[in-house]
Amino acid sequence: MIKADISGPVDPTPTNWAGEAMQRRIRKRYGAERRFKLLGLSAVLLSVGFLAFLLISMLGNGLRGFTAAEVKLDVNWQQTGFTIDRAALAGPDAEAALRAADFEGAVRQAAILQYGEDGPDLFSGVARLRLRDAVGDDPSVLDRPLTIWLPASSALDQAVKTDGSEKAERAYETLRSQDAIRTGINWTFLTGSDATDPTAVGIWGAFKGSLLTMMVTLLLAFPIGVLSAVYLEEYAPRNRWTDMIEVSINNLAAVPSIIFGLLGLAIFLNFMHLPRSAPIVGGLTLALMTMPVIVIASRNAIKAVPPSIRDAALGVGASRIQVVFHHVLPLALPGILTGTIIGMARALGETAPLLMIGMRAFVASPPEGLTAPASALPVQIFLWSDEVERGFVEKTSAAIIVLLVFLLAMNAVAIYLRNKFEKRW
Amino acid sequence: MTDLMTPPEAEAAPAPAAAPAPKMTARGVNVFYGNKQAIDNVSIDVFREDVTAFIGPSGCGKSTFLRTLNRMNDTVATARVEGDIRLDGEDIYDRSMDVVQLRARVGMVFQKPNPFPKSIFENVAYGPRIHGLAENKAEMDTIVERSLKRAGLWDEVKDRLTDSGTALSGGQQQRLCIARAIAVDPEVILMDEPCSALDPIATAKIEELIHELRGRYAIVIVTHNMQQAARVSQRTAFFHLGSIVEYGDTSGIFTNPRETRTKDYITGRYG
């Protein structure tokens with residue numbers, strides 16, 4: 001029997017709840033609470049401010065990267081002295097005929113005729129390609145003088161968008177008075193690859209490289225990570241070996257990414273002789289880096305599934321694998337997906353390991369497959385930020401915007417999936 | 001449905017005089033968690049016709065012992081079971097015994113209602129499905145309906161079988177769990193304090209259900225509530241400190257205990 005003992009020394013004075021000292025203590029307590037709330041709020045405001053600054057400066061610079069200035073050019077084929085094998089254009093050798101023709105000369109002559117000696121400086125190096133495409137699409141344009149909008153040179157482009165050299169600004173003024181310049185969407189940027197001329201660069205190559213790399217990473221890291229987590233949580237005995245594995249995995253998650261790059265270089269390139277700069281090697285390397293994150297998140301998610309659900313399933317005679325696949329994994333999936341998002345987001349933004357395995361090479365066309373040379377978005381940003389020409393500044397910011405949109409899209413898909421699988425119990 | 005206010009114990013038959021072969025037998029069972037001995041030399045017979053109640057103070061090992069009867073203790077890495085436990089004369093800890101099948105034959109209802117976060121139908125259909133008890137959809141429907149009817153839940157849920165099992169009230173959830181256990185057609189049903197999380201009305205319904213299931217399934221129930229043990233069971237085992245102090249007819253245990261410890265516990269002197 002329990003007996004409460006309320007004897008013992010009697011309090012000398014009863015507590016004075018309304019006294020001055022007590023009131024002071026109460027005020028102090030509320031004061032501390034207010035100060036803490038204020039501190040928290042200012043921390044949030046500060047971080048929101050940083051984020052807003054980042055976004056505004058990024059958008060301010062980057063959005064210009066998605067547009068390009070174009071200059072009107074009247075091409076009088078006879079006057080430019082342009083020649084092309086018209087007969088071949090209609091046949092299967094059209095491509096060769098187009099390649100053989102001197103479109104560069106045509107643009108130059110037409111520019112000199114229209115805008116004087118400095119005329120050719122107004123046009124980008126890719127202007128000839130645009131003219132060639134126009135002729136290739138419809139050879140009948142060769143029959144009469146052609147008026148076409150061609151991309152402006154980088155210097156003029158800068159003058160149109162912000163401020164350029166004195167010469168370029170003067171040219172811009174003249175062209176504007178003649179209604180011979182306009183700004184349009186820069187399709188080259190959305191469909192092209194890396195180039196040396198900032199008006200000719202595109203992000204598609206790097207985007208596709210990143211896409212392929214992420215695909216390899218996800219296909220490797222997700223199943224291997226989740227299955228490791230299932231094994232460690234549901235099957236592995238608790239002993240020194242599993243403790244060691246657990247510690248190793250936790251440490252792996254914290255290893256600097258460049259070290260994974262060196263590992264990838266040593267194993268996949270030097271030992272296994274996989275192709276350099278290829279998305280498959282990038283994906284393998286990033287998978288190594290992402291896997292520990294997925295394993296840790298999945299283990300926590302699996303741990304959080306209430307044991308009563310396991311008991312219930314075992315109690316009706318489910319085998320362990322049935323318990324795992326019918327009950328535990330579906331309930332842990334939201335948590336697993338959250339971990340995967342974090343891991344994949346980190347992998348997508350990772351530059352250092354990709355530099356180590358050669359994905360910093362200049363790749364002027366989108367990768368054809370997993371083993372073709374490719375670039376990746378963060379590496380492309382790194383490379384462009386290193387360029388001296390002014391035109392690359394806005395391209396760098398534009399590439400960052402593309403990377404962020406990719407990231408947000410990836411997260412949105414994962415969050416959608418997570419909410420879809422989220423269940424209450 | 002019988003009047004809830006009439007305790008089922010009113011019609012409870014006394015334990016059969018000439019007992020037939022026991023459904024489950026345990027002889028000299030010891031259970032260890034690591035170095036700690038939780039069960040010490042327990043021997044008991046469980047009969048198909050009876051409801052057997054395990055009573056005793058908290059931590060006396062009655063739940064642990066219950067979980068050895070369908071090898072749920074296998075999932076605890078440190079647990080070790082010694083002794084001989086037989087179901088219809090078959091050693092359930094023998095290598096040849098398939099533990100998955102054993103748990104289907106010896107079903108279990110847990111302390112906290114633990115329906116799967118799936119539909120009511122799926123909750124009941126899960127067991128039959130993994131054991132392949134239904135050839136087609138129609139057979140499955142029959143099994144689910146029969147199980148829910150036996151668990152006394154059919155009338156309440158027949159129009160919302162696709163609703164989540166977790167959306168039911170606590171008492172309904174527990175009856176759903178009983179339906180889930182019944183669905184695989186077990187021979188023994190183990191109930192681990194099935195009413196401890198329920199209100200008195202839900203408890204009365206479960207007790208009534210236990211009463212109705214008696215005879216069809218051997219039922220073993222662990223309970224803290226001595227009135228409940230007296231109401232629903234024909235045999236009672238009093239556990240204390242990991243061993244059985246007294247085992248016999250419920251009426252005998254409650255009216256005329258042989259051991260002073262049993263008497264002290266029943267009269268509320270400790271526990």
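One pair to look for: A:Glu70 has A:Arg182 of strand 3 as its bridge partner. Keep in mind that this is a predicted model. In general, strands of a sheet pair through backbone hydrogen bonds, either parallel or antiparallel.

The sheet is an open one with 3 strands in the order 2-1-3, paired antiparallel.

## The overall build of chain A

Now zoom out. Chain A has 18 helices and 3 strands. Its radius of gyration is 32 Å, well over the 22 Å that the globule rule gives for 425 residues, so chain A is more spread out than a compact globule. The C-alpha trace of chain A spans about 115 × 65 × 40 Å along its principal axes.

How much of chain A is buried? Of its 425 residues, 37% count as buried. As for contacts in chain A with a separation of 6 or more, 75% of them involve residues 24 or more positions apart.

## Two domains

Chain A is split into domain 1 (64-185) and domain 2 (204-421). Their C-alpha centres lie 45 Å apart. Where they meet, 6 residues of domain 1 are in contact with 7 residues of domain 2.

Which element gives the largest share of the domain 1 side that touches domain 2? That's helix 7 of chain A, with 3 residues. By class, this side of domain 1 has 1 nonpolar, 3 polar and 2 charged residues.

## Where chain B comes in

Chain B puts 22 residues in contact with 18 residues of chain A. Four elements of chain B each supply at least two residues to the side that touches chain A: helix 2 (99-105), strand 6 (106-109), helix 3 (120-131) and helix 6 (170-183). Sorted by class, that side of chain B has 12 nonpolar, 7 polar and 3 charged residues.

Strand 6 of chain B is covered on both faces: B:Val106 and B:Met108 on one side, B:Gly107 and B:Val109 on the other, are all buried. It runs parallel to strand 7 (residues 188-192) of chain B, joined by 4 bridges. In that pairing, B:Val106 stands opposite B:Val188 of strand 7.

## Two residues with a positive phi

A:His273 isn't a glycine, yet has a positive phi of about 55°. A:His273 sits in the loop between helix 12 (257-271) and helix 13 (279-303) of chain A. B:Arg71, also not a glycine, has a positive phi of about 60°, and its loop lies between helix 1 (62-68) and strand 4 (79-87) of chain B.

Buried or exposed: what is A:His273? A:His273 is exposed, with 8 other C-beta atoms within 10 Å. B:Arg71, on the other hand, has 20 C-beta neighbours inside 10 Å and counts as buried.

Note on methods. Residues numbered from 1 in each chain as written. Chains lettered and ligands numbered in written order. Predicted model: local features only at pLDDT ≥ 70, side-chain atom pairs only at ≥ 80, totals over all residues. Rg over C-alpha atoms; globule rule 2.2 N^0.38 Å. Buried ≥ 20, exposed ≤ 12 C-beta atoms within 10 Å, placed from the backbone. Contact = placed C-beta atoms within 7 Å. Pairing = 2+ DSSP bridges. Domains from an automatic or database assignment. Nonpolar A, V, L, I, M, F, W, Y, C, P; charged D, E, K, R; others polar.
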